[in-house]
Amino acid sequence: MGDTISLTLEVWRQPGPLAKGRFQTYEVKDVSQNISFLEMLDLLNQRLISEGIEPVHFEHDCREGICGSCGFMINGQAHGPDLGTTVCQLHMRRFKNGDHLVVEPWRARAFPVIRDLVVDRASLDKIIAAGGYNSVNCGNAPDANAMPIGRDTAEEAFDAAACIGCGACVAACKNASAMLFTSAKVGQLAMLPQGQPERSHRVVRMYDEMQALGFGACSWTQDCEAACPKEISVKWISRAKRDYLKARFKEGL
Amino acid sequence: MSWLTRSLSSFSGRKLLAAVTGLVLVVFLIIHLLGNLQIFSDSDAFNHYAKALHDGPLILLGDIGLAITFPLHMAMVIWLAIDNARARGPAGYKKHGTKQTRGFASVLASKTTLYGGLVLIAFTIIHVWHFRLHHEEMQAFAAGGNRGYVIQELANPGWGLLYIVGSLVVGWHIFHGIQASFRSFGVNHPRYTPLIVRTGMGLATVLALGFAAIPVWILLG
């Protein structure tokens with residue numbers, strides 16, 4: 001059955017987008033180490049509800065690391081201390097009895113807090129809407145192997161496409177930059193033939209939209225890559241940046 | 001906005017200008033250090049070099065080059081830094097952490113490059129006033145000309161220490177700065193990128209130790 005631990009949680013509570021928030025401390029006792037971090041919060045919330053207190057709001061959906069809904073900072077680390085996982089995949093066995101955890105929402109001007117640990121990540125959708133798509137007619141699904149794309153190329157494009165848009169890169173970046181997100185979304189299409197016709201316009205529109213939304217610039221600290229639950233490489237930033245500079249200064253877009 | 005102002009005021013455009021000017025300044029530092037190292041020679045090499053430098057056209061070229069690149073580099077970086085600081089929003093984090101497994105120095109250098117740069121602004125102003133603007137006085141210095149003047153000034157522990165700190169800060173600044181400049185050009189290669197990173201860190205270390213060696217040597221007599 002595993003051991004149980006007791007923790008002190010310092011959780012950011014904010015009743016609404018315009019309300020003033022503050023940290024609230026909760027003691028959580030006898031938590032099984034076999035449950036996930038979100039399940040631990042579920043237990044806390046159950047207790048808060050029974051005590052007539054508003055539960056801690058946090059975003060979640062699939063709870064298996066593929067939807068990108070969950071995510072907050074645990075002791076300054078996006079999605080908690082584990083590499084390559086979302087916070088729903090984080091288990092309590094990662095913590096020791098008596099640990100003190102500071103739980104805060106993603107902090108970025110482009111990610112306003114909606115409530116407690118829930119932030120509005122619509123800015124990421126706006127970046128996609130600025131150009132993260134193909135508007136050319138690709139026709140029906142082609143025959144297998146009709147379009148020659150090497151396996152390595154397809155795999156690499158998928159590495160970038162694995163981005164779930166959780167916002168951890170923005171949260172972990174000292175500049176709250178969305179460069180990794182934007183560059184991965186640019187890169188997945190730039191790898192494949194279908195993405196070529198709009199390649200230059202796409203990167204210019206998406207990068208400029210990212211800047212206009214109030215995200216920061218890249219200082220190449222590489223915190224984004226370390227925080228990414230899908231372990232998306234910072235090489236995508238270099239690639240998209242080269243595309244951007246080429247589009248701007250060579251093609252004169 | 002015109003195409004050019006729009007392009008250059010984008011984050012990537014500003015980064016591009018900061019990177020180009022930064023690398024020009026690194027080249028300047030290399031030349032500067034090669035000149036400085038002649039101070040270790042007992043002969044008149046340093047004085048000859050200083051005289052030739054100030055009599056020739058190179059000094060004018062250098063002054064104009066630095067007068068363009070240095071302010072441009074600062075302006076672009078400070079402009080970026082303001083936007084970066086605003087991007088975090090009204091509330092910061094209570095607790096800071098990282099999940100990086102890279103070397104501690106690389107991570108710390110990448111996060112403190114800006115602060116090193118701010119220190120360098122003050123250092124450069126003092127340094128230019130201290131030596132460049134006292135050039136006539138240095139050349140006419142009775143006890144050993146330029147070389148004697150530099151040795152006399154740096155033998156003062158206050159000045160000596162300031163120059164040691166300045167040397168180390170410039171090294172720290174470009175420890176991240178050199179590789180970051182290449183990143184700003186969009187350079188990414190499985191083989192060459194690690195080479196650029198290591199060369200950049202190596203060059204930064206050599207420059208820092210090279211510049212610092214002079215005040216250390218003088219202070220130790």
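Is the crossing of α2(A) and α5(A) left-handed or right-handed? Point 5 below has the answer, and the other points walk through the rest of the structure. Please keep in mind that this is a predicted model.

1. Chain B, an overview. Read from the N terminus, its elements run α-α-α-α-α-α-α-α-α. Along the principal axes, the C-alpha atoms of chain B fill a box of roughly 60 × 40 × 40 Å.

2. Where the chains meet. The contact between the two chains draws on 52 residues from chain A and 39 residues from chain B. Together they bury an area of about 3900 Å², and carbon and sulfur atoms give 52% of that area.

3. Polar links across the interface. Between chain B and chain A, 31 residue pairs are in polar contact. On the chain B side, five helices each supply at least two residues that touch chain A, namely α1 (3–9), α2 (11–36), α4 (58–87), α5 (104–130) and α8 (157–184). Sorted by class, that side of chain B has 18 polar, 11 charged and 10 nonpolar residues. The rule also finds 2 salt bridges across the interface. In a salt bridge between the chains, the side chain of B:Lys111 meets that of A:Asp223, with 2.5 Å from N to O.

4. A helix pair inside chain B. Two packed helices are described by the angle between their axes and the distance between the axes. For α2(B) and α9(B), the latter spanning residues 192–219, the angle is about 35° and the axes are 10 Å apart. The crossing of α2(B) and α9(B) is left-handed. From α2(B), the contact is made by B:Val26, B:Leu29, B:Ile30, B:His32, B:Leu33 and B:Asn36, while α9(B) brings B:Leu203, B:Val206, B:Leu207, B:Gly210, B:Phe211 and B:Ile214. The residues of this contact divide into 9 nonpolar and 3 polar, with no charged ones.

5. A helix pair inside chain A. Now for the opening question: the crossing of α2(A) and α5(A) is right-handed. Helix α2(A) covers residues 122–129 and α5(A) covers residues 179–190; they pack at an angle of about 35°, with axes 11 Å apart. A:Leu124, A:Ile127 and A:Ile128 make the contact from α2(A), and A:Phe181, A:Thr182 and A:Lys185 make it from α5(A). Here the residues divide into 4 nonpolar, 1 polar and 1 charged.

6. A salt bridge within chain A. Over all chains, the count comes to 18 salt bridges. One of them joins A:Asp116 to A:Arg13, whose closest N and O atoms are 3.2 Å apart. Why look at this pair? A:Arg13 lies in strand β1 (residues 4–13) and A:Asp116 in the loop between β6 (113–115) and β7 (118–119) of chain A, so the pair ties together parts that are 103 residues apart in sequence.

Methods
Residues numbered from 1 in each chain as written. Chains lettered and ligands numbered in written order. Predicted model: local features only at pLDDT ≥ 70, side-chain atom pairs only at ≥ 80, totals over all residues. Heavy atoms only, no water. Contact = heavy atoms within 4.5 Å. Buried area = accessible area lost by both parts, 1.4 Å probe. Salt bridge = Lys/Arg side-chain N within 4 Å of Asp/Glu carboxyl O. Polar contact = N/O pair within 3.5 Å; in protein donor to acceptor, adjacent residues only side chain to side chain. Helix = DSSP H or I, 4+ residues; strand = E, 2+ residues; numbered from the N terminus. Nonpolar A, V, L, I, M, F, W, Y, C, P; charged D, E, K, R; others polar. Axes fitted to C-alpha atoms, helices over the stretch in contact; angles between N-to-C directions. Left-handed = near helix turned anticlockwise from the far one by under 90°.
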